[in-house]
Amino acid sequence: MGRDDRTGSPLVFRGVTKRYRTHFWQRPVTSLSGLDLEVRRGEILGLLGPNGAGKTTTIKLALGLIFPDAGEVRLMGRPAADPAARARVGFLPENPWFPDDLTGRELVEFAGRLHGLPAADRRRRAAELLELVGLAHAADRAIRKYSKGMVQRAGMARALVADPEFVILDEPMSGLDPIGRREFRDLVLSLRDRGVTVLFASHVLADAEMLCDRVAILREGRLVDVQELGVLESRRRILGWEVEARGGGPVAGAEEVSRRGEERLLRFPPETDAEGILAALRGAGARPVAIVPRRETLEDLFLRVLGREEAA
Ligand SMILES: Nc1ncnc2c1ncn2[C@@H]1O[C@H](COP(=O)(O)OP(=O)(O)OP(=O)(O)O)[C@@H](O)[C@H]1O
Ligand SMILES: [Mg+2]
C-alpha cells in the first residue's frame, strides 16, 4: 500500500457526471453533473440537499457500486471499485435491508466474517458494537422483530465491524427518535475523535448542524456550495438587533420593546451596526448592557442558498 493511500484525502471526485437511462428509448436522466468534491482526512462532511438532489448517487459512486459516465472517483487513493479500498470503508445504506431471520448479533458477526476476522474477534467485536449502538438487550432477537430505529442501529454496528478508517452513511438519522439522534451524534463524534473520517447524507439540516465540520450542498445533481459549518452560519443574514440598555432618554433609531425600572429592551433595524448602536445610546445618555444580532435561521439560509442556484 503506497504512502499516498494513508495520507491523502479518503475520497476525491473530479468532474464526475452520472446519467441514468431507465429505457433505451428515453432520454437519460442526469443525476450528477461535473461533481468536484474532496472529503478530507479526519473530518465529518455532511452531504445535504433535497430529495432527488443526487446524494445517494454520490455515495454509490464513492463505493464503486455504480460507475461514472465522466470524471474520476478515488477512494482511499485508489479507484473507487478497488476491493482493497472498499475493505477500509464502513457503509450504512439508505434503507438497510438485512436477511430478517438473522439476529443483530449474527448480522454483525457475519459481516466480520466477510471481512476475514477470526471467530473469536468476530464475537468480541459484535458484542462491543451492539453495546455501543444500544442494542445489547436485543442482540439475540431476530431483526424481523426490530423497530426501524433498531434496524438503523444494527446497520451502524455492522458498518463499524472491521474498524474502518472512513465511514459513509446514507441518511443515518432516519428512523431515529430524539434520544437516538443524540446518541448517534455522540457515536459519530467519538469516531472522529479516534481519527475516523465520516461522510453522511441527509436532507435534514438540523442533523448536519449538530455534528458536521463542513457541509456540501447539492441541488439537482450540482454542487451549490461546500463550506465550513461555522462560515455558513456566519453568513446568516442579520434581521435586526436586540439591545439592552440602562438609563438615559429616548434613543434615536430604536424601538422600545419593554422597560423595567432603569433597564430597557430596544430593537434596532438590520441596517444598523454595533458602532451605530453605541453612538445612539451614548447620544441618549444610556449605557449598553447587551447588543445581540438577531439572525435568520440556518434553515432559512439553506433555502436561500438552494434558491440562488435557481436564479442563476
Ligand atoms: N437507478 C436509477 N435509475 C434511474 N434514475 C435514478 C436511479 N437512481 C437515482 N435516479 C435519479 O437520480 C436522481 C438523484 O437520485 P438520488 O437517489 O441520488 O437522490 P438523493 O439526493 O439521495 O435523494 P433522497 O433525499 O430522496 O434520498 C433522481 O432524479 C433519481 O430519480
Ligand atoms: Mg438518497
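The dialogue below works through several features of a predicted model, moving from its overall form to single residues.

Reader: Before I look at any detail, how is the protein divided, and how far apart do the centres of its domains lie?

Author: The structure is a predicted model, and the protein in it is divided into domain 1, covering 3-233, and domain 2, covering 238-295. The C-alpha centres of domain 1 and domain 2 lie 48 Å apart. In secondary structure, the protein comes to 11 helices and 14 strands.

Reader: What does the radius of gyration of the protein tell me when it is set against a compact globule?

Author: A compact globule of 312 residues would have a radius of gyration near 20 Å, whereas the protein has 25 Å. The spans of the C-alpha trace along the principal axes are about 80 × 50 × 40 Å. Buried residues make up 36% of the 312 residues, and, among contacts with a separation of 6 or more, 67% are between residues 24 or more positions apart.

Reader: Turning to the ligand, which residues come nearest to ligand 1, and which elements supply its shell?

Author: There are 14 residues around ligand 1, and of these Y20, S31, K55, T56 and T57 come nearest. Strand β2 (29-39) and helix α2 (55-62) each supply at least two residues of the shell, with α2 giving the most, namely 3 residues. Sorted by class, the shell around ligand 1 holds 3 nonpolar, 9 polar and 2 charged residues.

Reader: How should I read a sheet, and in what order do the strands of the sheet with β2 and β1 stand?

Author: As a general idea, the strands of a sheet pair through backbone hydrogen bonds, and the pairing is either parallel or antiparallel. Here 4 strands form an open sheet with antiparallel pairing, in the order β2-β1-β4-β5. Strands β2 and β5 (78-79) stand at the edges with a single partner strand each, so one side of each is left without a neighbour in the sheet.

Reader: Which strand pairs with β12, and how many of the residues of β12 are buried?

Author: Strand β12 (residues 255-260) pairs with strand β13 (residues 263-268) in the antiparallel sense, over 5 bridges. R259 has R264 as its bridge partner in β13. The two strands form a hairpin with 2 residues between them, and G261 in the turn has a positive phi of about 60°. As for cover, β12 is hardly covered, since the count of buried residues among its 6 residues is 0.

Reader: Which residues of helix α4 are buried, and what do they pack against?

Author: In helix α4 (residues 104-114), the buried residues are G104, R105, L107, V108, E109, A111 and G112. The buried residues of α4 pack against α5 (119-132) and α6 (148-159). After α4 comes G116, whose phi is positive, near 80°.

Reader: Why does L211 count as buried?

Author: L211 counts as buried because it has 20 C-beta neighbours inside 10 Å, and 20 or more is the cut-off for that class. L211 lies in the loop between α8 (205-209) and β9 (214-219). Leaving aside residues up to four places away in sequence, L211 touches I44, R185, V188 and L189. The C-alpha atoms of L211 and D186, which are 25 residues apart along the chain, are separated by 8.7 Å.

Reader: You gave a positive phi for two glycines; which residues other than glycine have a positive phi, and where are they found?

Author: In general, most residues other than glycine have a negative phi. Among those with a positive value here are M76, with phi near 50°, and E220, with phi of about 45°. M76 is found in the loop between β4 and β5, while E220 is placed in the loop between β9 and β10 (222-228).

Reader: Are M76 and E220 buried or partly exposed?

Author: M76 has 25 C-beta neighbours inside 10 Å and therefore counts as buried, whereas E220 has 17 such neighbours and so counts as partly exposed.

Technical notes: Residues numbered from 1 in each chain as written. Chains lettered and ligands numbered in written order. Predicted model: local features only at pLDDT ≥ 70, side-chain atom pairs only at ≥ 80, totals over all residues. Domains from an automatic or database assignment. Near = placed C-beta within 6 Å. Nonpolar A, V, L, I, M, F, W, Y, C, P; charged D, E, K, R; others polar. Rg over C-alpha atoms; globule rule 2.2 N^0.38 Å. Buried ≥ 20, exposed ≤ 12 C-beta atoms within 10 Å, placed from the backbone. Contact = placed C-beta atoms within 7 Å. Pairing = 2+ DSSP bridges.
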